[in-house]
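The sequence and structure come first.

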Amino acid sequence: MSTPDHSPVTWVDVARCLAGIDPAQSPLPVEIASARVGWFGLLFEATAAVDIARLTAGLETLFPSRVKLNPLRIELEGGLSASDLPVHVDIVSDQGASRQPFGVIDGWIDFRPAEAQGPQRQTPIAAALSVKGGTGRTTTAVAFALHWAAASKRPILLVDADLEAPGISYLFEAFAGHPKTSLEDLIALAHAEEADGAPETTNFVAERLRDHLLPGNIFVLPLRRDIAELASSSIRPEHLSTSERPFALADLLSGVAAQLGVAGIVVDVRAGLVPIGVNLAMDPNVSPIFVTTLADQSIKATAGFVGFLAREFRRNGATPRRPLLVINRVPVLFRQTGTDKKITEPLTNELLNSLVGDASVEIGASEDLFTSASDIQPFVQVDVPELPDIQVPTGNWRDFVEQLSSSGFSRALANGSEEFVATELTFKAVQNSVEPVASFPPVTHQRQALSAFANQLIAAENVQGTVPRPLVTQPLSALASRYKSEVPIAIAEGAKGTGKTLAARFIVSKGEWSKVAADLVGGDNAIAAAVVPIAASIQSSAILQQEADDARRAIAEKLGYGTPLNIFETTSYLKEKLQSNLSESKWVLVWLDVIAWSVGYKTKTEGVGEGFFDELRAGPTSIVAVFEGLEELYSSVADSGVELAMRALLISLPQKLRSELRRPIGMIAFVRRDTVEAAIRQNLDQFRREYAAFALTWTEDDVLELAAWLASQSRALPNLWDADFQNLSSAERATKLEPLWGTKLGPDDKPGQRTREAYTATWIVAVLSDLRGRLVPRDLVRLLASAATVAPEGDEATLYAERLLTPRSLRTAVESTSTSKVEEAQEEIGELKPAFAKFKSQADELAVPLSQEVVDQLGLTDTELAALIRHGIIFGDSPPYEVPELFRRGLGLKHAGARRSVVNLYNRARKRP
């Protein structure tokens, strides 16, 4: 809690200070229930006797140097006639119901939490809020309502609650004429009706609203019937609130909406910290839409509003809804330079601090860090660019809707708010009956099929039989699309587990580059070139070794050469050369020799690479050399000879191959990220930009598509994935995946019944993320393989009958996935073994974030720390270090810090381009 930065001048300053007390940090005695402040003084009402010394100390904390004794009073600076506020304490046995001021400083402060609210409403409500005018709030409210109506394929009720500038009402009247009912009517009639919920009023207003349906499937409830009358009614929405029904306006609107059969309600609220806006924003069943621009005053005011609401929610022991943050008029230049993120950082930090608990609760090494939706993504943000065609809105509803569309505003808002609509404002349809017993046996077989198929793909080098066509993500599509008229010369960089081996096996299995391109992107116009494997992950796979040798023999026979060097001999030869202290130029010749020997050209004769080149130049034949599994040639990238060998392969050899007029030899190298970084010490960014299109990076959407692909390819859910899946939005992908793992890690939301459980699709991504925005598909494959082995228990078969994997199965699978990831990492990256051993020696004893004290306790050296950071095991430039969830659990680390830090890192990573 912060203390005032100036002395109180009037009683209003005292009241405002008391109203701003955070209940979790109140300096006042716990017996204090409420306070009344005015020129008469400060009267505390208590439930029992109060220790005056403690009260005095608390007041001194709030009003430093202004608390006087004998009698107890607060000294003001408002002049002699109002210099002191005497302080009194009364013990009141019956305090009555608690009271909420809704942002009004009226001299009555109730420190007690609000009464528990009733059941959730059947119709979801969103309120468009802004603290400053001119932010585009009304424009946003209209565009959002139109998008929601289109997404739900049902009408939306749009309510004009801007008491001073009712823009929606003007749009309505200009198009439809004089309204038949209004918000003012609803409030006034409800005041007069004594029945709970005012059913006669809601029925009357709903019936008249049936004539207010406008293009876009929007019912509009204007502010007043006579919009030319600027004088507002003395009956205000906040006057409907009582201690029993503090959010009566939303209840009334929900009643009207039920009669109309709409999918939801959007309320456009007057700018500023006005009671109606606070009332709606504090309603735990209303989803707020905060609208701002990048203007400094707007950002600061919105951040202040969010902080105020968070304090009030804490006071009432309630949980705020996940909001939508809309930032309008973002200049393109600001977005390109990142200036917009710097400007909005204070606001986004306030949202993070307000919505994510700050309690440093210790979480065990086997416990889930992400338990609720707000723990993963506390708010949804939409940045709408500066659009010249919407600067001057038209005055007619139809024209305005057209203007929203043609200007690009509707599209920009919809693209970012789809997730918000799908998660916060959509309920899953309730099924009338479910027969879990009858469907359970086939579901068991479906899970077994998914587990078997996923397990086979965990180590792609061990896939038996026909090599499956990999999921065609953007990098593979770019590789096949870009090289049709000439052979490819490309480097595909990726972390371990990103699909390098499977992609290489698939390409080699096709034998011809034209077949590869046709299978991946379609068409039959790609260049014909034989595909030959030069290096492969054969160390633990006799299958892959046999495939590589068979492919070499087939190509050698086709080209009319002798017996090729087998893949094992190639690997042994390259390992031997790594000990020979060769220069980079000598290594280019070695790579050319190995390519020649792999097709049977003068096998084992050194220096024949150039001669092989000459033969290909003279004829029409072309080949594509495929390199994969290069990391099997050495133990560490720091080993002798590795840097020059890899630099020759990644830079000098491609340069030589490109210099040829016809390009008789092409190459594709699938290489791990740490190998690239060890080989290319200078101009690494330039190198990565050159091959960025082929980098095996996986986005959140890719991972979700992979889950659907696995379910379909395994025949567990054969219709879950098709080629059009990649065209779906993120929200649509999450919806499509519901048969696999449901909507949430718990029961799905239903009308009037919403849980705080994390959304499954978002949770999956958060658990697998490395806090840098990088995802490894192998982790998802392993997670699903493990989850599919966990059968439902008890009532899970009934509760989750409509999904293949239960929440418990997914949570359970994290443990084995994490353990396997750690074991695999230390096996494949030798320099991690010493550090991992130190972590495991103190498993379940230490916690992240890793402070300097913990680093010292582990005895981690600077070299070990650098390796842990380089390979994404820990995050940060200096202590305290965060650890991605999969590694945290696999290394046996607890989490003892506030969740805000890791949530902040995760969300920053998601926003990286």
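**Parallel pairing around β13**

β13 and strand β14 (residues 380-385) pair in the parallel sense over five bridges, where pairing requires at least two DSSP bridges between two strands. Helices (H or I, at least four residues) and strands (E, at least two) are DSSP runs, numbered from the N terminus. The model is predicted: local features need pLDDT of at least 70, side-chain atom pairs count only at pLDDT 80 or more, and totals for chains, interfaces and linings use all residues. Residues are numbered from 1 along each chain as its sequence is written, and side-chain values use heavy atoms, with hydrogens and water left out.

- F290 has L325 of β13 as its bridge partner.
- Between β12 and β13 the chain passes through helix α9 (residues 296-316), and this β-α-β crossover is right-handed (with the strands pointing away from the viewer, the path from the first strand over the helix to the second runs clockwise).
- Strand β13 (residues 324-330) is largely enclosed by the rest of the structure, because six of its seven residues are buried (under 20% relative accessible area; exposed is over 50%, partly exposed in between; 1.4 Å probe, protein chains only).

**Pairings of β5**

- Strand β5 (residues 84-91) pairs with strand β2 (residues 41-46) in the parallel sense, over five bridges.
- In this pairing, A46 stands opposite I91 of β5.
- Strand β4 (residues 73-75) pairs with β5 in the antiparallel sense, over three bridges.
- Here R73 stands opposite P86 of β5.

**The open four-stranded sheet**

- An open sheet of four strands has the order β15-β18-β17-β16, with parallel pairing.
- Its edge strands, β15 (489-494) and β16 (530-535), each pair on one side only.
- On average, neighbouring strands of this sheet are turned by 15 degrees against each other, direction ignored.
- β15 and strand β18 (residues 665-672) run parallel and are joined by six bridges, with I491 opposite A669 of β18.
- Helix α21 (residues 584-598) lies across β16 and β17 (623-627) and runs at about 125 degrees to β16.

**Packing of α29 and α32**

- Two packed helices are described by the angle between their axes and the distance between the axes.
- The axes of helix α29 (residues 760-768) and helix α32 (residues 807-828) come within 12 Å and cross at roughly 5 degrees (axes are lines fitted to C-alpha atoms, for helices over the stretch in contact, and angles run from 0 to 180 degrees between N-to-C directions).
- α29 and α32 are therefore roughly parallel to each other (angles under 35 degrees; over 145 is roughly antiparallel, 65 to 115 roughly perpendicular and the rest oblique).
- T760, W763, I764 and V767 of α29 make the contact with L810, R811 and V814 of α32 (contact means heavy atoms within 4.5 Å).
- The residues of this contact comprise five nonpolar, one polar and one charged (Ala, Val, Leu, Ile, Met, Phe, Trp, Tyr, Cys and Pro count as nonpolar, Asp, Glu, Lys and Arg as charged, and the others, Gly among them, as polar).

**Two buried residues**

- L479 lies in helix α16 (residues 474-482) and counts as buried at 3% relative accessibility.
- Leaving aside neighbours within four places in sequence, L479 is in contact with A490, I507, W513, I668 and F694.
- K894 is found in strand β20 (residues 894-895) and counts as buried at 16% relative accessibility.
- Leaving aside neighbours within four places in sequence, the contacts of K894 include E362, D844, E845 and R888.
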